[in-house]
Amino acid sequence: MKTSNPDVFACGDCVENVERISQRPFMCMLWPNAQAQGLVAGYNALGLPRKFPGSQNITAVNAFGSFGYSIGSNMNDLAGDDGIDVVEKTRAGAYYRVVTVKGKIRGAQ
């Protein structure tokens with residue numbers, strides 16, 4: 001949670017952090033991640049070294065009786081990767097999608 005200035009720490013929506021599975025930099029503007037980053041930034045500001053392990057996007061929504069959730073990476077996050085495969089299923093009024101890269105699950109919606 002350091003910046004280029006050793007006396008300034010940053011967290012939340014203004015920082016780029018590491019996606020836990022791919023270890024690639026990305027923006028993760030979700031409250032639980034910002035809270036964890038703030039804790040790490042606070043410890044470091046006090047001189048108590050801590051390292052932020054990275055983030056994983058997990059979201060859920062209930063809109064007008066329809067539920068949606070997402071975990072991990074989506075197709076936009078993985079654009080340009082080789083070996084992307086998408087498995088989509090629809091049943092009983094529900095839609096499911098799993099995104100893999102080279103056989104490893106990277107996200108689900």
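Predicted model: local features only at pLDDT ≥ 70, side-chain atom pairs only at ≥ 80, totals over all residues.
**The chain as a whole**

- The C-alpha trace spans about 55 × 35 × 20 Å along its principal axes.
- The radius of gyration of the protein chain is 17 Å, whereas a compact globule of 109 residues would have one near 13 Å.
- Of the 109 residues, 27% count as buried.
- Among contacts with a separation of 6 or more, 39% are made by residues 24 or more positions apart.

**The five-stranded sheet**

- Five strands build an open sheet, and its order is E3-E4-E7-E6-E5 with antiparallel pairing.
- From one strand to the next, the twist averages 25 degrees.
- As background, the strands of a sheet pair through backbone hydrogen bonds, in either a parallel or an antiparallel way.

- Strand E5 covers residues 84-91 and strand E6 covers residues 94-101; the two pair in the antiparallel sense over 8 bridges.
- You can trace this pairing on screen through Arg91, whose bridge partner in E6 is Ala94, and through Ile84, whose bridge partner in E6 is Val101.
- E5 and E6 form a hairpin with 2 residues between them.
- Ala92 lies in the loop between E5 and E6, and has a positive phi of about 45 degrees although it is not a glycine.
- Is Ala92 buried or exposed? Ala92 has 86% relative accessibility, so it counts as exposed, the cut-off being over 50%.

- Val101 has Lys104 as its bridge partner in E7, and Thr100 has Ile105 as its bridge partner in E7.
- The hairpin of E6 and E7 has 2 residues between the strands.
- Lys102 sits in the loop between E6 and E7; its phi is positive, at about 50 degrees, although Lys102 is not a glycine.
- With a relative accessibility of 66%, Lys102 counts as exposed.

- Thr100 is found in strand E6.
- Which residues does Thr100 touch, not counting those up to four places away in sequence? They are Gly83, Ile84, Asp85, Ile105 and Arg106.
- The relative accessible area of Thr100 is 13%, so this residue is buried, as the cut-off is under 20%.

**The nonpolar core**

- Which residues make up the largest nonpolar core? It has 6 residues in all: Met1, Ala10, Val15, Val40, Ala41 and Phe52.
- In soluble globular proteins, nonpolar side chains tend to be buried together.
- Val40, one of the core residues, touches Met1, Arg50, Lys51 and Phe52 when residues up to four places away in sequence are not counted.
- Among the residues touched by Val40, Met1 and Phe52 are also members of this core.

**Pro49, in a loop**

- Pro49 lies in the loop between helix H1 (31-45) and E3.
- Is Pro49 buried or exposed? Its relative accessibility is 68%, so Pro49 counts as exposed.
- To place Pro49 against another proline, look at Pro25: the two are 24 residues apart along the chain, and their C-alpha atoms are separated by 21 Å.

Terms used: Residues numbered from 1 in each chain as written. Heavy atoms only, no water. Core = buried A, V, L, I, M, F, W, Y, C linked by side-chain atoms within 4.5 Å. Buried < 20%, exposed > 50% of the residue type's maximum accessible area, 1.4 Å probe, protein only. Contact = heavy atoms within 4.5 Å. Pairing = 2+ DSSP bridges. Helix = DSSP H or I, 4+ residues; strand = E, 2+ residues; numbered from the N terminus. Rg over C-alpha atoms; globule rule 2.2 N^0.38 Å. Axes fitted to C-alpha atoms, helices over the stretch in contact; angles between N-to-C directions.
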